[in-house]
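Take a look at the fold below.

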Amino acid sequence: MCRKVTRPPAPEFLPHFHHIYVEHGAESYGLTERVLGKFPESRIIPIRHYKDLFSRPGQDLPAQRKSRSLVLAVGRSPFLYRGAGVCPSFGNSRFFYSSTVMNCIFDCDYCYLQGMYPSASLVVFVNVQEIFAEVEAVIREAAAEKMEERISGPPVYLCNSYDTDLLAIRNIAPLADMWLDFAAGHPELLVEMRTKSAAVKWISSRAAPDNVIVAWTISPDAVIREFEHGAPPLAARLAAARKAVEAGWRVRICFDPILFVSSWEKHYGAMIETVFSALPPARVENVSYGMFRMGRELLKRARRVRPLSALLAYPFVLQDGVYTYPPSISGPIMEFVGNALSRHVSPEKIFPVLPDHNGRKARQCVMS
Ligand code: SF4
(Lines give C-alpha, C1' and ligand atoms only; values in the text may rest on other atoms or scores of the structure.)
Protein backbone atom coordinates (compact mmCIF):
# COMPACT_ATOMS: atom_id res chain seq x y z
CA MET A 1 0.00 0.00 0.00
CA CYS A 2 1.31 3.44 -0.91
CA ARG A 3 1.52 5.89 1.90
CA LYS A 4 0.79 9.48 1.11
CA VAL A 5 3.92 11.60 1.44
CA THR A 6 3.34 15.05 2.84
CA ARG A 7 5.92 17.54 1.68
CA PRO A 8 7.06 20.14 4.18
CA PRO A 9 5.75 23.60 3.26
CA ALA A 10 8.13 25.69 1.15
CA PRO A 11 9.95 28.15 3.38
CA GLU A 12 8.59 31.63 3.20
CA PHE A 13 11.04 34.43 2.76
CA LEU A 14 10.68 37.97 3.98
CA PRO A 15 10.83 40.66 1.30
CA HIS A 16 14.24 42.01 0.35
CA PHE A 17 15.71 44.54 2.77
CA HIS A 18 13.28 43.67 5.52
CA HIS A 19 16.38 43.89 7.69
CA ILE A 20 18.76 46.82 7.35
CA TYR A 21 22.00 46.71 9.31
CA VAL A 22 23.65 50.03 10.10
CA GLU A 23 27.31 50.02 11.02
CA HIS A 24 28.42 52.10 13.99
CA GLY A 25 29.38 55.50 12.56
CA ALA A 26 27.30 55.17 9.39
CA GLU A 27 24.20 56.72 11.04
CA SER A 28 25.53 60.25 10.65
CA TYR A 29 25.83 60.19 6.85
CA GLY A 30 23.22 61.83 4.66
CA LEU A 31 23.10 58.81 2.37
CA THR A 32 22.15 56.58 5.31
CA GLU A 33 19.21 58.83 6.06
CA ARG A 34 18.13 58.85 2.42
CA VAL A 35 18.29 55.06 2.13
CA LEU A 36 16.51 54.42 5.43
CA GLY A 37 13.80 56.87 4.36
CA LYS A 38 12.95 54.53 1.50
CA PHE A 39 12.30 51.59 3.82
CA PRO A 40 10.06 52.83 6.63
CA GLU A 41 8.79 49.31 7.35
CA SER A 42 12.20 47.68 7.69
CA ARG A 43 13.78 46.59 10.91
CA ILE A 44 16.92 48.63 11.58
CA ILE A 45 19.67 46.77 13.42
CA PRO A 46 22.81 48.57 14.61
CA ILE A 47 26.05 46.60 14.22
CA ARG A 48 29.65 47.24 15.27
CA HIS A 49 31.37 46.54 11.93
CA TYR A 50 29.85 45.40 8.65
CA LYS A 51 32.29 42.48 8.50
CA ASP A 52 30.81 41.06 11.72
CA LEU A 53 27.79 40.27 9.58
CA PHE A 54 29.09 40.14 6.04
CA SER A 55 32.20 38.03 6.59
CA ARG A 56 30.79 35.33 8.85
CA PRO A 57 31.79 31.88 7.63
CA GLY A 58 29.23 29.33 6.50
CA GLN A 59 26.51 31.68 5.24
CA ASP A 60 23.73 30.26 3.08
CA LEU A 61 23.98 32.39 -0.06
CA PRO A 62 21.09 30.76 -1.97
CA ALA A 63 18.73 31.48 0.95
CA GLN A 64 20.12 34.99 1.41
CA ARG A 65 19.48 35.77 -2.26
CA LYS A 66 15.78 35.12 -1.70
CA SER A 67 15.58 37.70 1.06
CA ARG A 68 18.51 40.05 0.84
CA SER A 69 19.63 42.18 3.72
CA LEU A 70 20.96 45.65 3.27
CA VAL A 71 24.03 46.85 5.13
CA LEU A 72 24.97 50.52 5.39
CA ALA A 73 28.63 50.87 6.26
CA VAL A 74 31.55 53.27 6.22
CA GLY A 75 34.05 52.13 3.60
CA ARG A 76 37.78 52.20 4.33
CA SER A 77 40.42 53.29 1.87
CA PRO A 78 41.56 52.22 -0.67
CA PHE A 79 38.42 52.79 -2.68
CA LEU A 80 40.07 52.61 -6.09
CA TYR A 81 41.77 49.64 -7.69
CA ARG A 82 43.69 49.21 -10.90
CA GLY A 83 41.58 47.53 -13.60
CA ALA A 84 42.38 43.84 -14.02
CA GLY A 85 43.81 42.42 -17.22
CA VAL A 86 40.62 40.46 -17.97
CA CYS A 87 38.64 43.71 -18.16
CA PRO A 88 38.86 45.81 -21.30
CA SER A 89 40.33 49.28 -20.84
CA PHE A 90 39.13 50.46 -24.28
CA GLY A 91 42.52 52.02 -24.92
CA ASN A 92 42.56 54.08 -21.72
CA SER A 93 45.95 54.10 -20.02
CA ARG A 94 44.92 54.94 -16.44
CA PHE A 95 42.21 52.41 -15.81
CA PHE A 96 40.61 52.06 -12.36
CA TYR A 97 37.50 50.66 -10.85
CA SER A 98 35.86 51.63 -7.61
CA SER A 99 33.62 49.78 -5.24
CA THR A 100 30.93 51.88 -3.58
CA VAL A 101 28.58 48.90 -3.26
CA MET A 102 29.30 45.22 -2.73
CA ASN A 103 26.92 42.71 -4.32
CA CYS A 104 24.07 43.03 -6.73
CA ILE A 105 20.30 42.68 -6.73
CA PHE A 106 20.44 40.41 -9.76
CA ASP A 107 21.57 36.82 -9.51
CA CYS A 108 23.53 35.58 -12.50
CA ASP A 109 24.75 31.99 -12.41
CA TYR A 110 28.08 33.06 -13.85
CA CYS A 111 28.72 36.04 -11.57
CA TYR A 112 32.13 36.11 -9.89
CA LEU A 113 30.71 37.91 -6.86
CA GLN A 114 29.43 34.61 -5.47
CA GLY A 115 33.04 33.41 -5.41
CA MET A 116 34.35 36.67 -4.00
CA TYR A 117 31.97 37.51 -1.15
CA PRO A 118 30.93 35.23 1.71
CA SER A 119 27.47 36.81 1.84
CA ALA A 120 24.67 37.82 -0.55
CA SER A 121 23.79 40.91 1.50
CA LEU A 122 24.03 44.22 -0.30
CA VAL A 123 26.58 46.54 1.31
CA VAL A 124 26.38 50.25 0.52
CA PHE A 125 29.29 52.42 1.57
CA VAL A 126 27.72 55.67 2.65
CA ASN A 127 30.87 57.81 2.87
CA VAL A 128 30.74 58.57 -0.82
CA GLN A 129 32.47 61.94 -0.44
CA GLU A 130 35.59 60.18 0.87
CA ILE A 131 35.51 57.91 -2.16
CA PHE A 132 35.21 60.95 -4.43
CA ALA A 133 38.14 62.57 -2.62
CA GLU A 134 40.26 59.57 -3.49
CA VAL A 135 39.22 59.85 -7.12
CA GLU A 136 40.20 63.52 -7.06
CA ALA A 137 43.65 62.61 -5.73
CA VAL A 138 44.12 60.16 -8.62
CA ILE A 139 42.94 62.81 -11.08
CA ARG A 140 45.53 65.26 -9.70
CA GLU A 141 48.32 62.67 -9.98
CA ALA A 142 47.28 61.89 -13.54
CA ALA A 143 47.18 65.56 -14.47
CA ALA A 144 50.73 65.99 -13.12
CA GLU A 145 51.95 63.00 -15.11
CA LYS A 146 50.19 64.23 -18.20
CA MET A 147 51.92 67.57 -17.88
CA GLU A 148 55.20 65.72 -17.91
CA GLU A 149 53.91 64.04 -21.09
CA ARG A 150 54.23 60.61 -19.65
CA ILE A 151 50.72 59.54 -20.63
CA SER A 152 48.17 60.43 -23.26
CA GLY A 153 44.40 60.37 -23.60
CA PRO A 154 41.83 61.17 -20.93
CA PRO A 155 43.69 61.04 -17.57
CA VAL A 156 41.48 58.71 -15.55
CA TYR A 157 39.10 56.04 -16.81
CA LEU A 158 37.00 54.72 -13.98
CA CYS A 159 34.48 51.87 -13.96
CA ASN A 160 32.14 52.38 -11.04
CA SER A 161 29.81 49.42 -11.43
CA TYR A 162 31.92 46.27 -11.46
CA ASP A 163 31.02 44.76 -8.09
CA THR A 164 27.37 45.72 -8.35
CA ASP A 165 24.87 47.34 -10.72
CA LEU A 166 24.51 50.95 -9.58
CA LEU A 167 21.74 51.75 -12.05
CA ALA A 168 19.73 48.74 -10.97
CA ILE A 169 19.79 49.92 -7.35
CA ARG A 170 19.06 53.57 -8.17
CA ASN A 171 15.78 53.36 -6.22
CA ILE A 172 17.54 51.95 -3.16
CA ALA A 173 20.62 54.19 -3.06
CA PRO A 174 20.99 57.13 -5.48
CA LEU A 175 24.65 56.41 -6.18
CA ALA A 176 24.26 56.58 -9.94
CA ASP A 177 23.00 60.16 -9.52
CA MET A 178 25.83 61.02 -7.15
CA TRP A 179 28.43 59.71 -9.59
CA LEU A 180 26.86 61.68 -12.41
CA ASP A 181 26.97 64.89 -10.37
CA PHE A 182 30.58 64.19 -9.42
CA ALA A 183 31.59 63.47 -13.03
CA ALA A 184 29.96 66.73 -14.15
CA GLY A 185 32.45 68.66 -12.01
CA HIS A 186 35.46 66.61 -13.21
CA PRO A 187 35.85 66.69 -16.97
CA GLU A 188 39.25 64.96 -16.67
CA LEU A 189 37.42 61.82 -15.60
CA LEU A 190 35.80 59.29 -17.91
CA VAL A 191 33.30 57.12 -16.04
CA GLU A 192 31.88 53.84 -17.25
CA MET A 193 28.69 52.68 -15.54
CA ARG A 194 27.92 49.10 -16.46
CA THR A 195 24.38 47.80 -16.14
CA LYS A 196 21.76 45.26 -17.06
CA SER A 197 18.96 47.55 -15.94
CA ALA A 198 16.01 48.95 -17.82
CA ALA A 199 16.48 52.48 -16.55
CA VAL A 200 14.40 54.29 -19.20
CA LYS A 201 12.85 56.80 -16.81
CA TRP A 202 16.13 57.57 -15.10
CA ILE A 203 17.88 58.10 -18.43
CA SER A 204 15.10 60.47 -19.49
CA SER A 205 15.34 62.39 -16.25
CA ARG A 206 19.04 63.25 -16.55
CA ALA A 207 20.94 65.38 -19.04
CA ALA A 208 23.45 63.37 -21.08
CA PRO A 209 26.92 64.00 -19.66
CA ASP A 210 30.02 64.18 -21.88
CA ASN A 211 32.23 62.06 -19.67
CA VAL A 212 29.96 59.20 -18.62
CA ILE A 213 29.43 56.07 -20.69
CA VAL A 214 26.57 53.76 -19.82
CA ALA A 215 27.55 50.23 -20.81
CA TRP A 216 24.72 47.75 -21.21
CA THR A 217 25.59 44.10 -20.86
CA ILE A 218 23.52 42.22 -23.38
CA SER A 219 22.76 38.51 -23.69
CA PRO A 220 20.34 36.48 -25.80
CA ASP A 221 16.94 36.06 -24.15
CA ALA A 222 17.51 32.31 -23.81
CA VAL A 223 20.63 33.05 -21.72
CA ILE A 224 18.87 35.75 -19.70
CA ARG A 225 16.00 33.40 -18.82
CA GLU A 226 18.30 30.55 -17.87
CA PHE A 227 21.21 32.28 -16.16
CA GLU A 228 20.50 35.94 -15.33
CA HIS A 229 17.88 35.62 -12.62
CA GLY A 230 15.99 38.80 -11.89
CA ALA A 231 17.65 40.81 -14.66
CA PRO A 232 15.49 42.57 -17.28
CA PRO A 233 14.87 40.86 -20.62
CA LEU A 234 16.75 41.86 -23.75
CA ALA A 235 13.95 44.09 -25.09
CA ALA A 236 13.83 46.11 -21.86
CA ARG A 237 17.60 46.68 -21.80
CA LEU A 238 17.54 47.69 -25.45
CA ALA A 239 14.64 50.07 -24.87
CA ALA A 240 16.73 51.81 -22.19
CA ALA A 241 19.84 51.87 -24.39
CA ARG A 242 17.78 53.26 -27.27
CA LYS A 243 16.36 55.99 -25.08
CA ALA A 244 19.91 56.79 -24.00
CA VAL A 245 21.31 57.14 -27.52
CA GLU A 246 18.31 59.23 -28.56
CA ALA A 247 18.95 61.54 -25.62
CA GLY A 248 22.62 61.92 -26.58
CA TRP A 249 24.21 59.63 -24.00
CA ARG A 250 27.41 57.79 -24.76
CA VAL A 251 26.40 54.13 -24.92
CA ARG A 252 28.57 51.03 -24.98
CA ILE A 253 27.27 47.53 -25.59
CA CYS A 254 29.04 44.60 -23.93
CA PHE A 255 28.41 41.06 -25.17
CA ASP A 256 30.17 39.60 -22.22
CA PRO A 257 30.26 36.89 -21.00
CA ILE A 258 29.41 34.81 -24.02
CA LEU A 259 28.38 31.33 -22.94
CA PHE A 260 28.77 28.05 -24.76
CA VAL A 261 25.08 27.13 -24.94
CA SER A 262 23.34 24.80 -27.35
CA SER A 263 22.45 26.49 -30.66
CA TRP A 264 24.84 29.31 -29.74
CA GLU A 265 25.09 30.47 -33.36
CA LYS A 266 21.33 30.90 -33.57
CA HIS A 267 21.02 32.70 -30.23
CA TYR A 268 24.00 35.04 -30.51
CA GLY A 269 23.43 35.71 -34.23
CA ALA A 270 19.80 36.67 -33.65
CA MET A 271 20.70 38.78 -30.62
CA ILE A 272 23.23 40.85 -32.58
CA GLU A 273 20.66 41.49 -35.32
CA THR A 274 18.09 42.50 -32.69
CA VAL A 275 20.53 44.86 -31.02
CA PHE A 276 21.38 46.72 -34.20
CA SER A 277 17.82 46.90 -35.37
CA ALA A 278 17.07 48.69 -32.08
CA LEU A 279 20.21 50.84 -31.91
CA PRO A 280 21.74 52.80 -34.77
CA PRO A 281 25.32 51.43 -34.89
CA ALA A 282 26.77 54.87 -35.62
CA ARG A 283 25.39 56.13 -32.31
CA VAL A 284 26.96 53.35 -30.27
CA GLU A 285 30.32 54.40 -28.80
CA ASN A 286 31.85 50.95 -29.09
CA VAL A 287 31.18 47.28 -28.34
CA SER A 288 33.09 44.59 -26.48
CA TYR A 289 32.70 40.85 -26.53
CA GLY A 290 34.35 38.06 -24.59
CA MET A 291 33.86 34.49 -23.49
CA PHE A 292 33.06 33.53 -19.91
CA ARG A 293 36.20 33.59 -17.77
CA MET A 294 36.78 33.48 -14.05
CA GLY A 295 39.80 33.33 -11.77
CA ARG A 296 40.70 29.91 -10.40
CA GLU A 297 39.85 30.56 -6.75
CA LEU A 298 36.67 32.46 -7.59
CA LEU A 299 35.39 29.59 -9.72
CA LYS A 300 36.23 27.08 -7.01
CA ARG A 301 34.15 29.01 -4.50
CA ALA A 302 31.35 29.75 -6.98
CA ARG A 303 31.01 26.02 -7.68
CA ARG A 304 30.66 25.38 -3.95
CA VAL A 305 27.89 27.97 -3.70
CA ARG A 306 26.06 26.71 -6.81
CA PRO A 307 26.84 22.98 -6.87
CA LEU A 308 24.07 22.13 -9.35
CA SER A 309 25.06 24.68 -11.99
CA ALA A 310 25.89 22.91 -15.26
CA LEU A 311 27.33 26.20 -16.48
CA LEU A 312 29.91 26.36 -13.68
CA ALA A 313 30.56 22.61 -13.75
CA TYR A 314 31.85 22.79 -17.34
CA PRO A 315 35.43 21.45 -17.65
CA PHE A 316 37.01 24.82 -18.34
CA VAL A 317 40.70 25.09 -19.11
CA LEU A 318 43.06 27.10 -16.96
CA GLN A 319 45.00 29.83 -18.74
CA ASP A 320 47.37 31.75 -16.47
CA GLY A 321 45.11 31.48 -13.46
CA VAL A 322 41.88 32.10 -15.39
CA TYR A 323 39.33 29.43 -16.22
CA THR A 324 37.67 29.73 -19.60
CA TYR A 325 36.43 27.58 -22.46
CA PRO A 326 39.07 25.64 -24.42
CA PRO A 327 40.22 27.31 -27.66
CA SER A 328 38.36 24.67 -29.70
CA ILE A 329 35.12 26.12 -28.25
CA SER A 330 35.95 29.78 -27.73
CA GLY A 331 37.78 30.21 -31.07
CA PRO A 332 34.80 29.54 -33.35
CA ILE A 333 32.38 31.45 -31.10
CA MET A 334 34.62 34.52 -30.87
CA GLU A 335 35.14 34.42 -34.63
CA PHE A 336 31.42 34.11 -35.26
CA VAL A 337 30.50 36.97 -32.92
CA GLY A 338 33.35 39.16 -34.21
CA ASN A 339 32.20 38.65 -37.80
CA ALA A 340 28.57 39.29 -36.92
CA LEU A 341 29.51 42.53 -35.14
CA SER A 342 31.71 43.70 -38.01
CA ARG A 343 28.68 43.61 -40.30
CA HIS A 344 27.25 46.49 -38.23
CA VAL A 345 30.09 48.26 -36.44
CA SER A 346 33.35 49.61 -37.82
CA PRO A 347 36.46 47.66 -36.71
CA GLU A 348 37.97 50.42 -34.56
CA LYS A 349 34.85 50.32 -32.37
CA ILE A 350 35.00 46.56 -31.72
CA PHE A 351 36.93 45.34 -28.66
CA PRO A 352 37.38 41.59 -28.21
CA VAL A 353 38.16 40.66 -24.60
CA LEU A 354 40.58 37.80 -24.14
CA PRO A 355 41.47 35.91 -20.95
CA ASP A 356 44.29 37.40 -18.92
CA HIS A 357 47.64 36.09 -20.04
CA ASN A 358 49.75 37.81 -17.45
CA GLY A 359 48.68 35.78 -14.43
CA ARG A 360 47.44 38.80 -12.47
CA LYS A 361 44.49 38.63 -10.12
CA ALA A 362 41.81 37.46 -12.48
CA ARG A 363 38.32 38.79 -12.07
CA GLN A 364 35.63 38.12 -14.53
CA CYS A 365 34.69 41.43 -16.05
CA VAL A 366 31.10 40.91 -16.89
CA MET A 367 29.48 43.08 -14.38
CA SER A 368 25.96 44.25 -14.73
S1 SF4 B 1 26.96 39.46 -13.33
FE2 SF4 B 1 26.47 41.63 -13.01
S3 SF4 B 1 24.25 41.75 -13.06
FE4 SF4 B 1 24.78 39.60 -12.77
S5 SF4 B 1 24.72 39.31 -10.56
FE6 SF4 B 1 26.84 39.79 -11.11
S7 SF4 B 1 26.99 42.00 -10.86
FE8 SF4 B 1 24.84 41.52 -10.96
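pLDDT is the predictor's confidence in each residue, on a scale from 0 to 100. Here the protein chain has a mean pLDDT of 91, and 91% of its residues reach 70 or more. Residues 357–368 fall below 50, yet this stretch has 58 contacts in the model beyond near neighbours in sequence. A contact means heavy atoms within 4.5 Å.

This is a predicted model: local features need pLDDT of at least 70, side-chain atom pairs count only at pLDDT 80 or more, and totals for chains, interfaces and linings use all residues. Residues are numbered from 1 along each chain as its sequence is written, and side-chain values use heavy atoms, with hydrogens and water left out.

Now turn to two helices. Helices are DSSP runs of H or I with at least four residues, strands are runs of E with at least two, and both are numbered from the N terminus. Helix 10 (residues 264–278) and helix 13 (residues 327–342) have axes that come within 10 Å and cross at roughly 25 degrees. Axes are lines fitted to C-alpha atoms, for helices over the stretch in contact, and angles run from 0 to 180 degrees between N-to-C directions. Helix 10 is therefore roughly parallel to helix 13, a word used for angles under 35 degrees. Among the residues in contact are Trp264 and Tyr268 of helix 10 and Phe336 of helix 13.

Next, find Pro326, in the loop between strand 17 (322–324) and helix 13. Pro326 is buried, with a relative accessible area of 16%. Buried means under 20%, exposed over 50%, and partly exposed in between (1.4 Å probe, protein chains only). Beyond its neighbours within four places in sequence, Pro326 contacts Tyr314 and Val317.

Terms used
Parallel < 35°, antiparallel > 145°, perpendicular 65-115°, else oblique.
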